[in-house]
Amino acid sequence: MASRWWRWRRGCSWRPAARSSGPGSPGRAGPSGPSAAADVRAQVHRRKGLDLSQIPYINLVKHLTSACPNVCRISRFHHTTPDSKTHSGEKYTDPFKLGWRDLKGLYEDIRKELLISTSELKEMSEYYFDGKGKAFRPIIVALMARACNIHHNNSRHVQASQRTIALIAEMIHTASLVHDDVIDDASSRRGKHTVNKIWGEKKAVLAGDLILSAASIALARIGNTTVISILTQVIEDLVRGEFLQLGSKENENERFAHYLEKTFKKTASLIANSCKAVSVLGCPDPVVHEIAYQYGKNVGIAFQLIDDVLDFTSCSDQMGKPTSADLKLGLATGPVLFACQQFPEMNAMIMRRFSLPGDVDRARQYVLQSDGVQQTTYLAQQYCHEAIREISKLRPSPERDALIQLSEIVLTRDK
């Protein structure tokens, strides 16, 4: 069953339905994750005229898919060829290639920021800056910078300060990975041993701290207090998100809200606030700042939802890290929370964080026998739908269209 669903999922994508200008959607919720889900409930309320105030978060997608069939319509994902036209009418190129033109020398520049005299600390801090990561966050930031600049005054250039935000985003992200691996006692990341497994936990914590300090210095050098405030919020969210992950809720409705809030703080906040930062540097219009923020927030949440799906549908070689890792850490992600609706016996396992022998294997089987993976993917599609709705408010440009395409790629990635 799992392999059959995986083949189906890889061939699927979202196609935008008619856009609504109303407030009830994931992207209109503001900075916190749970309010996003609440707004989706409001959207369904408007379209069907139902009183959904008491509907649990866990049942949200079932109502959403019945109320908004076009939003979750399944169609084969079509990779646009280099000769095809974008929404802007200009010739389209691969979004990663388009974004990378402003990021040449990215990892070399990051290593220059890590001015370290101790050879061991230098090696640890540079360990993940080997160019083998997806660079998903810097790509989004670079594309957003150009899209906002073009929207504001048709400028086709990325400012040096905007490019620095892309570096800082990757540095904050990497530092959080180093720290997460210590907390999770992870042994592999990106297909190789983690920093904590090679050098030990204490040195790994210090290496992560050093990367964060270097990012802070680079941020201060930009000299814009608004941007500094925006990106320091990311650090606070990362810490609060980690604390949320350490806790759990007994009530099913609260549990799903807890999961979405954790997802925003640990993953989406960095993307949302980095996009907002480059928009502030390139355009004075607060409306544009909000568009950039909402795009990043919605894409970021969708990215993590799909990551949680891949923990059940992908293999270790594809992911570059062990699968079923979340269950082994005692974490109940989207697929598990949805599966729990069909298999209530999972509640006890969730509350004891899958700590008894056999819990992880049984929970995995329940998820694969349920529609938890599909429901989580549907929810990710809704967040991507909102991301596209937001970014489409900007003036047409190849970069804007690349951001639209990236939101679709988020749904179809396999690692």
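**Exercises on aromatic pairs and backbone angles**

W100 has a relative accessible area of 31% and is therefore partly exposed. The model used in these exercises is predicted.

**Exercise 1.** Classify the aromatic pair formed by W100 and Y107, and state whether Y107 is buried or exposed.

*Solution.* The count of aromatic pairs comes to seven. In the pair of W100 and Y107, the ring centres are 6.4 Å apart and the planes stand at 35 degrees. Stacked pairs need planes under 30 degrees apart and edge-to-face pairs over 60, so this pair is tilted. Y107 has 6% relative accessibility and therefore counts as buried.

**Exercise 2.** Find where A135 lies and where R353 lies, and give the phi of A135 and of R353.

*Solution.* A135 is in the loop between helix 6 (119–125) and helix 7 (136–153). Its phi is near 55 degrees, positive in a residue other than glycine. At 5% relative accessibility, A135 counts as buried. R353 is in the loop between helix 17 (346–351) and helix 18 (359–369). R353 is not a glycine, yet its phi is positive, about 55 degrees. At 26% relative accessibility, R353 counts as partly exposed.

Technical notes
Residues numbered from 1 in each chain as written. Predicted model: local features only at pLDDT ≥ 70, side-chain atom pairs only at ≥ 80, totals over all residues. Heavy atoms only, no water. Helix = DSSP H or I, 4+ residues; strand = E, 2+ residues; numbered from the N terminus. Buried < 20%, exposed > 50% of the residue type's maximum accessible area, 1.4 Å probe, protein only. Phe/Tyr/Trp six-rings, centres within 6.5 Å; stacked < 30°, edge-to-face > 60°.
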